[in-house]
Amino acid sequence: MLKGAIVGFGFIAAKGHHPAYLGRDDVEIVAIADVSPARRDAARAVAPNARLYASWREVLAKEKGLDFVDVCTPPDAHAEIALAALERGVHVLCEKPITTSTAQALKLVEAARAQRRVVFPAHNYKHAPVVKFALDVIRSDRIGKVRAVTLSTFRTTHAKGVPEWRTDWRRDRKTSGGGIAMDHGSHSFYLTFAWLGSLPTHVTAKTLTIDRHWDTEDNLNAVLTFPTGYAHCFLTWTAGVRKVVYSLQGTDGALVIDDDDYELTTSVLSGKSRVEKGTIASHWMDASHTQWFDSLFDQFKAAMQSGDFVSRELREALACVQIIETCYRSSAEGSRELPLALDVLEI
């Protein structure tokens, strides 16, 4: 039985992570920390046996025998909490992005290696059933070699935090580290890594702030260049609909995903294309993504058990932070194409 602590009991912890833990028989959440008294009351209601704390520092100082901490705070606190946990010999599961700067992410990688403890990102979109289907299509060679992908994420607004604590923190740069690129970019970027079978070498990007009430961008256009092809990522908080639309374009076909629906075209080279349409329930409308959590946690648990402290998942999380940071630089420099300097797989 693994003993864990949740730090930050906002929406994703209360509606996503914690309910998933309750459904498992191999983990117990023994402590929960949140700065908001109202959120601690909410935690007490659903986790009466967990010890409650007003700060993550109290958790690390007072809890003995913790196996891991699950960091569900806003991004500005991720690096500090994760580094402190590693110093105390505790594994870390961390919401995306793992940090708000490449320099901080590199420190986490170094600390994970030095302390021999896992830092694992919550890259949960990989675990959506329809996304797993896409990877199966690639591996089975049904559409040939993938040369281009597009990933469009439409939202009507930024994701709202809990009403008891700064509902609009995602639009405050000091807390969030950025706008939609920082908040949602990781999901698009790590999917491109899997679908194109490599990491990007260059990026060009344009950020836009349509709602000028905030100091963060609400739209991102980014083109990533890979050794194997390219990807176009579009993210928006100002759409009239909530939806994801992905396309994977191969040498012998294509796959288009529209939320749970897919259209698979194969055998293009033979001159007789075949079109298959279907639906794979993936619960895209449920922002908690609880259904995807077991698969993610199984990977985290396996990394802890095998001693995979600096896993490919962590390196990909570092790559995501580097891309986000470079997107901001590119946009500030007139959408100039910029190289991604780090070879994260060598780190």
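A salt bridge is defined here as a side-chain nitrogen of Lys or Arg within 4 Å of a carboxyl oxygen of Asp or Glu. By this rule, the structure holds 25 salt bridges. The model is predicted, so local features need pLDDT of at least 70 and side-chain atom pairs count only at pLDDT 80 or more, while totals for chains, interfaces and linings use all residues. Residues are numbered from 1 along each chain as its sequence is written, and side-chain values use heavy atoms, with hydrogens and water left out.

Side chains of opposite charge can pair when their charged atoms come close.

A second salt bridge joins the side chains of Arg-51 and Glu-63, at 2.6 Å from N to O. Arg-51 lies in strand β3 (residues 51-53), and Glu-63 lies in the loop between α3 (56-62) and β4 (68-71), so the pair ties together parts that are 12 residues apart in sequence. Helices (H or I, at least four residues) and strands (E, at least two) are DSSP runs, numbered from the N terminus. Arg-51 counts as partly exposed because its relative accessibility is 43%. Glu-63 counts as buried because its value is 8%.

Another salt bridge connects Lys-62 with Glu-58, at 3.4 Å from N to O. Both residues lie in helix α3, four residues apart, or about one turn of the helix. Lys-62 has a relative accessible area of 51% and is therefore exposed. Glu-58 has 27%, so Glu-58 is partly exposed.

Strand pairing was examined next. Two strands pair if DSSP finds at least two bridges between them. Strands β12 (residues 253-258) and β13 (residues 261-266) run antiparallel and are joined by six bridges. Asp-258 has Asp-261 in β13 as its bridge partner. The hairpin of β12 and β13 has two residues between the strands, and Asp-259 takes a positive phi near 55° there. Strand β13 is also joined to β14 (residues 274-279) by six bridges, and these two strands run antiparallel. Here, Thr-265 has Val-275 in β14 as its bridge partner.

How values were computed: Buried < 20%, exposed > 50% of the residue type's maximum accessible area, 1.4 Å probe, protein only.
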